Amino acid sequence: MLRTMSSLTRGQRVMLAVAVLATAAAGAAHFAGAPSVLAFIVAAIALAALASVVSFATEQLGARFGPAVTGVLQSTLGNLPEFFIVIFALSAGQVVVAQTSVVGSLFANALLVLGAVIVVGARRDGVMRFRARLPQDTATLMLSASFVIALVALAVAEHDEAARHVDALSAVAAVCLLAIYGAWLWGYLRSDEPREAAHEAPGAVAPLALSVTLLAVSGAGAAFASDWFVSALEPAIETLGISQAFAGLVIVAIAGNAVENVVGIVLAHKGDADLAISVVKNSVAQVAVFLFPLLVLVSFAFKDHLTFQLAPVYVGAIVLTAIALWQITGDGEATIFEGIALIAMYVTLGAYAWLD
């Protein structure tokens with residue numbers, strides 16, 4: 001391991017050291033009973049530091065594999081913190097935080113992170129260009145999830161017989177969405193092409209085993225940091241005087257998606273448009289038709305269940321987000337003003353959660 005670590009630059013080794021120290025500090029704050037706000041902030045810093053490790057490891061993998069494989073791998077590990085945050089929130093009975101953090105993760109990736117990636121990626125000539133298939137597929141997957149969420153909302157609003165069986169309806173819908181995701185993923189990964197050696201990142205490239213190990217270890221570290229983050233969440237928001245809805249929709253969602261925030265923007269800054277879009281778009285697709293339905297099924301192991309029943313304003317926002325994604329990125333290019341438009345949508349939604 002020491003031999004493989006020597007392949008890293010001094011700056012990269014410093015980055016790893018910071019991630020280790022931040023995670024250790026978050027653990028110490030948790031187990032030592034530090035003030036809730038302090039423990040909350042330190043855990044959030046640990047999540048961001050671990051995200052930087054994932055960013056580096058993903059870039060190294062991106063030099064060897066195509067954008068599809070790398071994007072799926074990174075977004076899967078990147079969504080681990082969100083998965084554990086929701087599980088720990090459900091086990092603590094924080095249903096509002098659990099539900100709004102999943103929905104907030106969807107909005108954060110589809111609006112805030114994607115908007116920032118487009119702005120950074122289009123900064124040179126005003127237009128960011130990328131392969132169009134993934135954005136088109138993501139819009140289809142988002143519309144599939146929107147159909148399920150809107151159906152449940154309408155059934156409840158109309159007081160249909162099915163409204164008395166929201167748990168059962170959500171379970172059936174979750175299985176269907178997972179089937180859709182599996183069918184899409186199979187074809188998407190088979191269509192990917194490995195990158196040519198000439199396109200590998202310049203300079204020292206970490207060995208493949210080290211890159212995979214860093215991804216796995218940072219993902220596991222994020223799970224622990226997520227637990228400590230949730231433990232400090234409720235007392236911290238009481239101290240700060242903010243609502244659980246805002247905490248879940250904005251604070252938890254952004255912290256839980258720190259990986260995508262860092263990785264997508266860094267890749268866009270380096271001009272790797274296909275991989276940057278792949279990372280963010282894969283995360284959007286995974287949250288909509290993999291993470292959300294998976295958590296719905298897993299939640300049946302707890303006293304409090306997660307369902308697709310959402311407040312009407314969030315149902316409408318999800319449907320409109322799916323349409324916006326198709327309109328802005330479906331043609332394989334996006335401009336700076338379109339990226340700003342996505343960010344503005346997220347800020348407006350965050351303002352609603354703050355004032356609600």
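Ile-118 is buried, as its relative accessible area is 0%; buried means under 20% relative accessible area, exposed over 50% and partly exposed in between, computed with a 1.4 Å probe on protein chains only. The model is predicted, so local features need pLDDT of at least 70 and side-chain atom pairs count only at pLDDT 80 or more, whereas totals for chains, interfaces and linings use all residues. Residues are numbered from 1 along each chain as its sequence is written, and side-chain values use heavy atoms, with hydrogens and water left out.

Ile-118 belongs to helix H6, which spans residues 95-121; helices (H or I, at least four residues) and strands (E, at least two) are DSSP runs numbered from the N terminus. Leaving aside residues up to four places away in sequence, Ile-118 touches Met-128, Ile-328, Thr-329, Ala-334, Thr-335, Gly-339 and Leu-342, where contact means heavy atoms within 4.5 Å. Ala-334 lies 216 residues from Ile-118 in sequence, yet their C-alpha atoms are 6.6 Å apart.

Thr-100 is also placed in helix H6. Thr-100 is buried, with a relative accessible area of 8%. Beyond residues up to four places away in sequence, Thr-100 touches Gln-244, Ala-245, Gly-248 and Leu-249.

Leu-249 is among the residues with the most contacts inside the largest nonpolar core, as are Met-128 and Leu-306; this core has 113 residues. Helix H12 (residues 273-298) supplies its largest share, 15 residues. A nonpolar core is a set of buried Ala, Val, Leu, Ile, Met, Phe, Trp, Tyr and Cys residues joined through side-chain atoms within 4.5 Å. Leu-306 has contacts that include Ala-98, Gln-99, Val-102, Phe-292 and Leu-295, not counting residues up to four places away in sequence.
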